[in-house]
Structures are given as C-alpha cells and as structure tokens.
Amino acid sequence: MKVVIQRVRHASVTIDNEVFNKIEKGFMLLVGITDGDNEEIVDKMANKVVDLRIFDDPDGKMNLGIEEVGGSILSISQFTLYADCKKGRRPSFIAAARPEVSKPLYEKFNDVLAKRVEVKPGIFGAEMLIDLVNDGPITIVLDSKEIL
C-alpha cells in the first residue's frame, strides 16, 4: 500500500464539473492498493497517517498531529501510484490491485481514518479533478513495504 500525504490549507475533489467533497486544513491523501495488501496493512497505514506529527506547534516546529489541529482528510483512490515505468513509454499498472480487491480495502482505510478524524472521500474509479493548496509545502510518501 502506498499513501501520498499532502498537508493542505484546503483541498477539493470535483467530479462531473461539480465539487463533490472539500476540506479546509488537513491532509489530501492519494491512496494506492497493491496485490497482497490486506485489512491488517490498511489498519496500520491509516493509523500511521493520523499519528504523523506534521503540523506546526506555536514555536513553528512540526510537532502536532491532525487530531490536535482539528484537521480533516480528503482521501482519493489512486491506482497510478503503482505505475511501473521501467520499460517503454507507457506505464504498466499490473502491480495495482484489481478493483474487486482495492475498493473494499480503500473503503476500510477510510473507515479506520474516520474513527479518529473527519474523512471526505472521492468516488472510487471516477475521473476526478483535485484542487489543493499544499501547506509548507509538506508532502510525505508512505509505503507499507518500508514502514511495516
């Protein structure tokens, strides 16, 4: 599983020319699921996201978590995080889990997050436009193979 975390001042997802969901201060997540991911991995990754202390405290030090600052999460499914660009010019997405596997795991990921913070998802498999203001800019990539 891969999760790209962007600390944002605000973010929104537009589907069919209409804003579907939006947040103010918080995280905009791109969430990729690969073959072999399971509910245990999803649970650990979701809690890792929420536990990250990447918001500034009063002294300007990244020392606060999303719960402490009252932030929200915009969560977007993103199979292209598993693009393989080693050969040729067209990426292969064979490492991305099939929708029948990835959709329930993505939904479980959002459910685990929602136990702790407000979560607003996109629509799995939809064409989406993402608008955000990256705060910092702070962007962090979590890969379950590296952190679990």
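**Burial and surface.** I looked up burial in this predicted model and found that buried residues account for 43% of the 148 residues in the protein. I then took the accessible surface: the protein exposes about 8,600 Å², and carbon and sulfur atoms supply 48% of that area.

**Overall dimensions.** I compared the radius of gyration with the globule rule. A compact globule of 148 residues would have a value near 15 Å, and the protein has 15 Å, so the two agree. Along the principal axes, I noted that the C-alpha trace spans about 50 × 40 × 30 Å.

**Secondary structure and contacts.** I counted three helices and eight strands in the protein. Reading along the sequence, I recorded the pattern β-β-β-α-β-β-β-α-β-β-α. I next examined contacts between residues at least 6 apart in sequence; 74% of these join residues at least 24 apart.

**Largest pocket.** I recorded a volume of about 470 Å³ for the largest pocket. Its lining comprises 23 residues, of which Ser77, Gln78, Phe79, Thr80 and Gly125 are the closest to the centre.

Of the elements, helix 2 gives the most to the lining of the largest pocket, with three residues.

Definitions and conventions:
Residues are numbered from 1 along each chain as its sequence is written. This is a predicted model: local features need pLDDT of at least 70, side-chain atom pairs count only at pLDDT 80 or more; totals for chains, interfaces and linings use all residues. Side-chain values use heavy atoms; hydrogens and water are left out. On a 1 Å grid over the protein atoms alone, a cavity is a set of points where a 1.4 Å probe fits but cannot get out, and a pocket is an open set with protein on both sides within 12 Å along at least five of seven lines; lining residues have an atom within 4 Å of a point. Grid points are joined across faces, edges and corners, and a volume is the space filled by probe spheres set on the points. Helices (H or I, at least four residues) and strands (E, at least two) are DSSP runs, numbered from the N terminus. The radius of gyration is taken over C-alpha atoms; the globule rule is 2.2 Å times the number of residues to the power 0.38. Buried means under 20% relative accessible area, exposed over 50%, partly exposed in between (1.4 Å probe, protein chains only). Contact means heavy atoms within 4.5 Å. Accessible areas come from the Shrake-Rupley method with a 1.4 Å probe; for residues, only the protein chains shown count as cover.
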